[in-house]
Amino acid sequence: MNKDEASGNWKQFKGKFKEKWGKLTDDDFTVIEGERDQLVGKIQERYGYGKDQAEKEVKDWETTNKDYRW
């Protein structure tokens, strides 16, 4: 999926992210705006995970939510 498609689908799967990562704020989602690397960074920040753990969390989420790909 290209960047434009990911940004276009952002509203659709933002709610799913909120279900998974409840510590992320609306301001966080404004910063993330469909950017995968920003999501990983905010998960690290809010949950105290290292980069590898945050990346694994996102990858696991992507695996179980194939309709919401980047």
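Author: Along the sequence, the protein chain reads α-α-α-α. Keep in mind that this is a predicted model.

Reader: How many helices and strands does the protein chain have?

Author: Four helices and zero strands.

Reader: And what share of the residues counts as buried?

Author: 30% of the 70 residues in the protein chain. The accessible surface is about 4,600 Å². Carbon and sulfur atoms hold 42% of that surface.

Reader: Now the pair. At what angle do helix 3 and helix 4 pack?

Author: About 125 degrees, with the axes 9 Å apart. Helix 3 covers residues 36-47 and helix 4 covers residues 51-64. Angles over 145 degrees would count as roughly antiparallel and 65 to 115 as roughly perpendicular, so helix 3 is oblique to helix 4.

Reader: Is the crossing left-handed or right-handed?

Author: Helix 3 passes helix 4 in a right-handed crossing.

Reader: Which residues make the contact?

Author: From helix 3, R36, L39, V40, I43 and Q44. From helix 4, K51, A54, E55, V58, K59 and E62. By class, that contact has five nonpolar, one polar and five charged residues.

Reader: Let's look at Q44. Is Q44 buried or partly exposed?

Author: Partly exposed, because its relative accessibility is 25% and buried means under 20%.

Reader: What does Q44 touch beyond its neighbours within four places in sequence?

Author: Y49, G50, K51 and A54. Q44 and A54 are ten residues apart in sequence, and their C-alpha atoms are 5.7 Å apart.

How values were computed: Residues are numbered from 1 along each chain as its sequence is written. This is a predicted model: local features need pLDDT of at least 70, side-chain atom pairs count only at pLDDT 80 or more; totals for chains, interfaces and linings use all residues. Side-chain values use heavy atoms; hydrogens and water are left out. Axes are lines fitted to C-alpha atoms, for helices over the stretch in contact, and angles run from 0 to 180 degrees between N-to-C directions. Helices (H or I, at least four residues) and strands (E, at least two) are DSSP runs, numbered from the N terminus. Angles under 35 degrees count as roughly parallel, over 145 as roughly antiparallel, 65 to 115 as roughly perpendicular and the rest as oblique. A crossing is left-handed if the near helix is turned anticlockwise from the far one by less than a right angle, and right-handed if clockwise. Contact means heavy atoms within 4.5 Å. Ala, Val, Leu, Ile, Met, Phe, Trp, Tyr, Cys and Pro count as nonpolar, Asp, Glu, Lys and Arg as charged, and the others, Gly among them, as polar. Buried means under 20% relative accessible area, exposed over 50%, partly exposed in between (1.4 Å probe, protein chains only). Accessible areas come from the Shrake-Rupley method with a 1.4 Å probe; for residues, only the protein chains shown count as cover.
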